[in-house]
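Could you walk me through this fold in plain words?

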Amino acid sequence: MKAQDIIRSIEAEYLKSDLPIIYVGDTVTVGVKIREGEKFRVQPYEGVVIARRNGGINETITVRRVFQGIGVERIFLLHSPRIDKIKIVRRGRVRRAKLYYLRGRVGKATRIKQRFDRPL
């Protein structure tokens with residue numbers, strides 16, 4: 001058995017199986033576990049997926065939202081234990097793999113058309 005196969009078999013134990021299929025352009029709500037003292041709570045973070053990277057256990061998505069007039073982006077490791085759940089709010093129709101051009105746009109120019117041929 002090669003070293004790469006051994007690494008994949010170890011990583012397979014930590015992969016989440018309940019993740020929805022996420023595409024670039026989708027609006028998602030990511031439930032992030034936050035520790036406050038001894039307790040944990042789930043804080044929702046809603047925004048547009050502007051990028052997906054890597055694969056397997058290292059797969060990440062970049063989620064962008066505008067908060068009080070300022071664009072905020074967060075990168076989430078999909079298979080991280082800090083991610084409680086991911087819910088797809090709406091599907092977006094885009095023609096790019098990366099939506100970095102949204103960083104330079106303001107207001108209604110950042111809208112993405114809705115896509116109806118993919119289920120939520």
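Strand β4 (residues 70-77) runs antiparallel to β3, and 8 bridges join the two. Strands count as paired here if DSSP finds at least two bridges between them. Helices (H or I, at least four residues) and strands (E, at least two) are DSSP runs, numbered from the N terminus. Look at Phe67 and you'll find its bridge partner in β4, Ile70. The hairpin of β3 and β4 has 2 residues between the strands, and Gln68 there takes a positive phi near 55°.

A word on the ground rules: this is a predicted model, where local features need pLDDT of at least 70 and side-chain atom pairs count only at pLDDT 80 or more, while totals for chains, interfaces and linings use all residues. Residues are numbered from 1 along each chain as its sequence is written, and side-chain values use heavy atoms, with hydrogens and water left out.

Now go to the other partner of β3. β2 and β3 also pair in the antiparallel sense, over 5 bridges. Arg52 has its bridge partner, Ile61, in β3. These two strands form a hairpin with 6 residues between them, and Asn54 in the turn has a positive phi of about 60°.

Thr62 counts as buried because its relative accessibility is 9%; the cut-offs are under 20% relative accessible area for buried, over 50% for exposed and partly exposed in between (1.4 Å probe, protein chains only). Leaving out neighbours within four places in sequence, Thr62 is in contact with Val48, Val49, Ile50, Ala51, Glu73, Arg74 and Ile75. Contact here means heavy atoms within 4.5 Å.

What about the inside? A nonpolar core is a set of buried Ala, Val, Leu, Ile, Met, Phe, Trp, Tyr and Cys residues joined through side-chain atoms within 4.5 Å. The largest one has 13 residues, and those with the most contacts inside it are Ile22, Val28, Val30, Ile61, Val63, Phe76 and Ile86. Two or more residues of this core come from each of β1 (27-36), β2 (39-53), β3 (60-67) and β5 (83-90). Apart from it lies another core, of 8 residues, including Val48, Ile50, Ala51 and Leu99.

Met1 lies in the segment before α1 (3-12) and is exposed, with a relative accessible area of 80%. Together with Ile6, Ile10 and Tyr14, Met1 forms a nonpolar patch on the surface, with about 480 Å² of accessible area in total. Gln4 lies in helix α1 and is exposed too, at 52% relative accessible area. From Gln4 to Gly92 is 88 residues in sequence and 36 Å in space, C-alpha to C-alpha.

Finally, step back to the whole chain. There is 1 helix and there are 5 strands, in the order α-β-β-β-β-β along the sequence. The C-alpha atoms fill a box of roughly 55 × 40 × 25 Å, taken along the principal axes. Of the 120 residues, 30% are buried. Among contacts between residues at least 6 apart in sequence, 50% join residues at least 24 apart.

How values were computed
Patches are made of residues with over 30% relative accessible area and no salt bridge: like charges are joined within 9 Å, nonpolar side chains (Val, Leu, Ile, Met, Phe, Trp, Tyr) within 5 Å. Accessible areas come from the Shrake-Rupley method with a 1.4 Å probe; for residues, only the protein chains shown count as cover. A salt bridge is a side-chain nitrogen of Lys or Arg within 4 Å of a carboxyl oxygen of Asp or Glu.
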